[in-house]
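Hi,

Here is the structure I promised to pass on.

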Amino acid sequence: MQIGAASLAAQLGDWRDVPEPAHRALANRLRLLVQDGRLPLSVRLPGERDLAAAVGVSRTTVGAAYAALREEGYLSSRERSRSAVRLPRGPTDAEHADTGSDTIDLSVASSPAPGPFLADALGRAMTMLARHLPRVGYDLVGIPELRAAVADRFTARGVPTTPGQIMVTSGAQHALSLLVRTLAAPRDRVLVDHPTYPQALAALSRAAVRISPVALRDGGWDLPALADASRGCALAYLVPDFHNPTGYCMDTAAREALRLGCPVIVDETLAELALDIDPPAPVAAFLPEAITIGSLSKVVWGGLRVGWIRAATPTIQRLTRARATGDLGTSVIDQLVSTVLLEQLDSHLPHRRDELRGRRAHLLQLLGDRFPSWTVSPGPGGLSLWVGLDAPISSALAAAAPDHGLRLAAGPRFGLGGAFERHLRLPYGLPEPLTTEAFARLRSTADDLGARRTRVGPSTPAV
């Protein structure tokens, strides 16, 4: 797989609007694209001459940037072949690994584990394990207990569901990858809302489908535009429940009116995190043929890699056949823990939502105090704020942040073609003292970037 010079230039955006040598600025932006997942592993980059022509610099500048990335381990190349994206050996920012440093990670919209709640579920799950031990432990659709628990949860939310309509997966990301691989072919068109969840964009890119974005309006979805764009698509992927990254929630009237010209995958990963409204009825209550994916990663803990797919039974059977070529099922112990957690989720959710409301209010206060020129319209739930910046500096902030002990998710990570440089996603899942310190570092990052721009000036030629 390779990326053309024009496509890469679009992803790079305004990389030269940074007061530092051109080769270093280019290397920093390319590194950020790799760490964000916008440049997938093993993709081959354009030749030096082609990229130089596309971005308007000398071949020497591109060659120096590529050489720097090879030294750092982000590019590998063989003689007479294009440079290919890779990751350095050992923990890297791109892997979100715990390096033991004091870097604060604001690039992930998640929360630490609820220790006592999770520990209790683990203890209860161990008492259920004995009856599974005589079995071989491989199950392509999931253990009966968890499939029944997921089905019961859908039924309680207004969508009658049987265990035969459920497949357990190793997280929602795995669910989406399996669906795209099974239901779409390379070069098929797949519709997405825009911006959208970056790991979904990565999964679609790996499947070599063509992504058709439809922009979100202020506050929600453009249903006529979605319907028009869906014609001829193999699939649509939408996040109507406390959308990542905007926090928007599709209202009941829109759910009732949603009709697309292709199968729809609905991501419900954040559906239980309603902070200002009652949790909405699932899209499948209005669109029975919708395929729904979900998980416990955002509601409970990201370290619990268990998700699910709800679909018509023939679709589940088709997915089962396709899955057998890639993996043999999800961990039985994790499934048992998830079964207990789902059965007790209603006792956990009030505390979880109250905690997130307090952390969101704290983040909004910090934004008003430290960045009064930035704008935000909080959605009624979810885990993050989609912040409007006062200049197109999102990628520059994300590239500079590690020098200040901070990790950020730049706005373009959530879109295509370098869009959203005036936006930054800021999660509110971390404890308040950690968020306060993160904002001190973010202010330091922004001040440092501003000072360098003042000293050098954004129009400094890059050659």
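Below is what I found, from the whole chain down to single residues.

First, the ground rules. This is a predicted model, so to speak of local features I need a pLDDT of at least 70, side-chain atom pairs count only at pLDDT 80 or more, and totals for chains, interfaces and linings use all residues. Residues are numbered from 1 along each chain as its sequence is written, and side-chain values use heavy atoms, with hydrogens and water left out.

**The chain as a whole**

There are 15 helices and 15 strands in the chain (both are DSSP runs numbered from the N terminus: H or I over at least four residues for helices, E over at least two for strands). The radius of gyration is 23 Å, close to the 23 Å that the globule rule gives for 463 residues, so the chain is as compact as a globular protein of that length. That radius is taken over C-alpha atoms, and the rule is 2.2 Å times the number of residues to the power 0.38. Along the principal axes, the C-alpha atoms fill a box of roughly 65 × 50 × 45 Å.

Of the 463 residues, 54% count as buried. Here buried means under 20% relative accessible area, exposed means over 50%, and partly exposed is in between (1.4 Å probe, protein chains only). The chain exposes about 19,200 Å², and carbon and sulfur atoms supply 53% of that; the areas come from the Shrake-Rupley method with a 1.4 Å probe, and for residues only the protein chains shown count as cover.

Taking contacts with a separation of 6 or more, residues 24 or more positions apart account for 75% of them (contact means heavy atoms within 4.5 Å). As for charge, the mean positions of the 50 positive and 46 negative charges are 6 Å apart. Lys and Arg count as positive, Asp and Glu as negative, while His and the chain ends are not counted; each charge is placed at NZ of Lys, CZ of Arg, CG of Asp or CD of Glu.

**Cysteines**

How many disulfides are there? The count comes to zero, with a disulfide taken as a pair of cysteine sulfur atoms within 2.5 Å. For Cys 233, the closest cysteine sulfur is in Cys 262, and at 5.1 Å this is too far for a bond. Cys 233 is buried at 8% relative accessible area, and Cys 249 is buried too, at 15%.

Two cis peptide bonds are worth a look. One runs from His 194 to Pro 195, with omega near 10°; Pro 195 sits in the loop between strand E5 (189–194) and helix H8 (198–206). The other joins Asn 244 and Pro 245, with omega about 20°, and Pro 245 is in the loop between strand E7 (235–238) and helix H10 (252–257).

His 194 itself belongs to strand E5 and is buried, at 12% relative accessibility. Beyond residues up to four places away in sequence, His 194 touches a set of residues including Pro 213, Val 214, Phe 414 and Phe 420.

You will find Phe 420 in the loop between strand E14 (409–410) and strand E15 (423–427), buried at 19%. Ala 208 also has a positive phi, about 60°, without being a glycine. Ala 208 lies in the loop between H8 and strand E6 (210–215) and is partly exposed at 36%.

**A few more residues**

- Glu 272 is in the loop between strand E8 (264–267) and strand E9 (291–295) and is buried, at 13%. Leaving out residues up to four places away, its contacts include Arg 153, Arg 157 and Arg 353.
- Ala 400 is in helix H14 (residues 394–400), buried at 8%. Its C-alpha is 8.8 Å from that of Asn 28, 372 residues apart along the chain. Apart from neighbours within four places in sequence, Ala 400 contacts Thr 445 and Arg 452.
- Pro 116 is in helix H5 (residues 115–128) and is exposed, at 70%. Pro 116 and Arg 359 are 243 residues apart in sequence and 20 Å apart in space, C-alpha to C-alpha.

Cheers
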